[in-house]
Amino acid sequence: MTILVTGGAGFIGSNFVLDWLAQSDEPIVNLDVLSYAGNLENLAALDGDARHVFVKGDICDRALVDRLLVEHRPRAIVHFAAESHVDRSIHGPGAFVRTNVEGTFVLLEAARAHWSTLDGDAKARWRFHHVSTDEVYGSLKAEDPPFAETNAYEPNSPYSASKAASDHLVRAWHHTYGLPVVTTNCSNNYGPWHFPEKLIPLMIVNALAGKPLPVYGDGRQIRDWLYVTDHCSAIRAVLERGRVGETYNIGGWNEKANIEIVQTVCALLDRLRPSTDGPYSRLVTHVTDRPGHDRRYAIDARKIERELGWRPAETFETGIAKTVQWYLDHPDWVARVQSGAYREWIGQQYGR
Ligand code: NAD
Ligand code: TYD
């Protein structure tokens, strides 16, 4: 048996591949175009490991996806590949529509063609696992209950709109064609291999470089943070035991304001790598807010707990301490991802 993973060289995908192969001998075919966010260095531990077959390619390439399905006959597709950064989606939404909407459509069509050739147990057990985000539900007010699977979709950014569109396609391919799908909508992840354009790794690498820590607006926006390996274990649970056609919300029960996250990172660095220039919080700089910035996300993760017995293993305190330590231990990885393209993005986004 084999699974096909898309986007397995990105942040969550590479954690998933490493985690999967640490617990199972079931091989992974990893299809990733290696965009700016894809990094094979994350998977260096698997060099020479026959259980990991890496294929550099685009999920929009139907002929390639068809070929991989015929050659490897995976029992499931776990679909991570996406453009994933909200700020980039504001500057250039086209790539988000292409990869997140069109790419998911291509995968669904290829999956449907492949699945229709199967029969018996292989057909019944086959899965398309769509990895999505809590951002499709829009923004919560302070007094609102957290997002349940029954919440209406109200995406506000080009990123969340493109993910919402892909969720709708996945739903329709199940409803109309019977394709055996499961969808997971997860809250903000953090942990190792996180590209330093996102809040937590950006704050760590900027602080260590003595650069400003750019907090959008008042910094009181709230996210529900989940350590990435907990997301991986939730995906495994849903893939194995989730009910076909269902969606499961995944979250860490960790609602935190951005400014609180930044202060926590600063405090950990003060302890682990003190700066002679004083506390890292001196670098906190409030900058112009993100247009259309969602105020609060929070996940009601009771369904996955009730049905599948999944709960996060890490608290925010243990997860953030591991994460900061990981960045301190991997300065070479950080230096290498801060390529020319990365520097261009930082100039475009924060240059103002
Ligand atoms: P990421 O940006 O770090 O990685 C995305 C990966 O997809 C990269 O390796 C990239 O090269 C690849 N990719 C992009 N376009 C592709 C294409 N056309 N064909 C093949 N590969 C392509 O993203 P991430 O943070 O790891 O997120 C993975 C998935 O999880 C996404 O679908 C995202 O929407 C979802 N998600 C992310 C979070 C989060 O906090 N990061 C939370 C919930 C859900
Ligand atoms: P991000 O990591 O981009 O995830 P998302 O927008 O998908 O939730 O941002 C997390 C929060 O941190 C979000 O409210 C925006 C905020 N933020 C900053 O305040 N400064 C920054 O430089 C970045 C990248 C994000």
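A polar contact here is a pair of N or O atoms within 3.5 Å; within protein, one of the two must be able to donate a hydrogen and the other to accept it, and residues adjacent in sequence count only if both atoms are side-chain atoms.

A word on the model before we start. It is predicted, so local features need pLDDT of at least 70 and side-chain atom pairs count only at pLDDT 80 or more, while totals for chains, interfaces and linings use all residues. Residues are numbered from 1 along each chain as its sequence is written, chains are lettered from A and ligands numbered from 1 in the order in which they are written, and side-chain values use heavy atoms, with hydrogens and water left out.

**Exercise 1. Find Asn-15, decide whether it is buried or exposed, and work out what it touches.**

Step 1: Asn-15 sits in helix H1. Helices (H or I, at least four residues) and strands (E, at least two) are DSSP runs, numbered from the N terminus.

Step 2: check the burial. Asn-15 has 6% relative accessibility, so it counts as buried. The scale goes like this: buried is under 20% relative accessible area, exposed is over 50%, and partly exposed is in between (1.4 Å probe, protein chains only).

Step 3: look for a polar partner. A polar atom of the Asn-15 side chain lies 2.9 Å from the backbone oxygen of Phe-11.

Step 4: list the contacts, meaning heavy atoms within 4.5 Å. Not counting residues up to four places away in sequence, Asn-15 touches Pro-192, Trp-193, Val-228 and Cys-232.

**Exercise 2. Glu-314 lies in a loop: between which helices, and which side chain joins it in a polar contact?**

Step 1: the loop runs between helix H10 (302-308) and helix H11 (316-329).

Step 2: Glu-314 has a relative accessible area of 16%, so it is buried.

Step 3: its side chain makes a polar contact of 2.5 Å with that of Lys-322. Beyond neighbours within four places in sequence, the contacts of Glu-314 are Tyr-227, Asp-230, Gly-319 and Lys-322.

**Exercise 3. Sort out the faces of helix H13, residues 340-350: which residues are buried?**

Step 1: the buried ones are Tyr-342, Trp-345 and Gln-349.

Step 2: look down the axis. The buried residues of H13 fall within an arc of 60°, so they line one face of the helix. (The arc is that of the directions from the helix axis to the C-beta atoms.)

Step 3: turn to the other side of H13, where Arg-343 and Glu-344 are exposed.

Step 4: find the cover. Over the buried residues of H13 you'll find, among others, helix H3 (86-91), helix H7 (199-208), strand S8 (213-216) and helix H12 (331-337).

**Exercise 4. Describe the surroundings of ligand 2: how many residues surround it, and which are the closest?**

Step 1: 18 residues surround ligand 2, the closest being Glu-135, Pro-214, Arg-290, His-293 and Tyr-350. To be near, a residue needs a heavy atom within 4 Å.

Step 2: go through the oxygen atoms of the ligand. One is 3.0 Å from a polar backbone atom of Leu-199, and an oxygen is 2.9 Å from a polar backbone atom of Tyr-216. A polar side-chain atom of Tyr-350 lies 2.6 Å from an oxygen of ligand 2.

Step 3: check the cover. The protein covers 97% of the 510 Å² of accessible area that ligand 2 has on its own (Shrake-Rupley method, 1.4 Å probe; for residues, only the protein chains shown count as cover).
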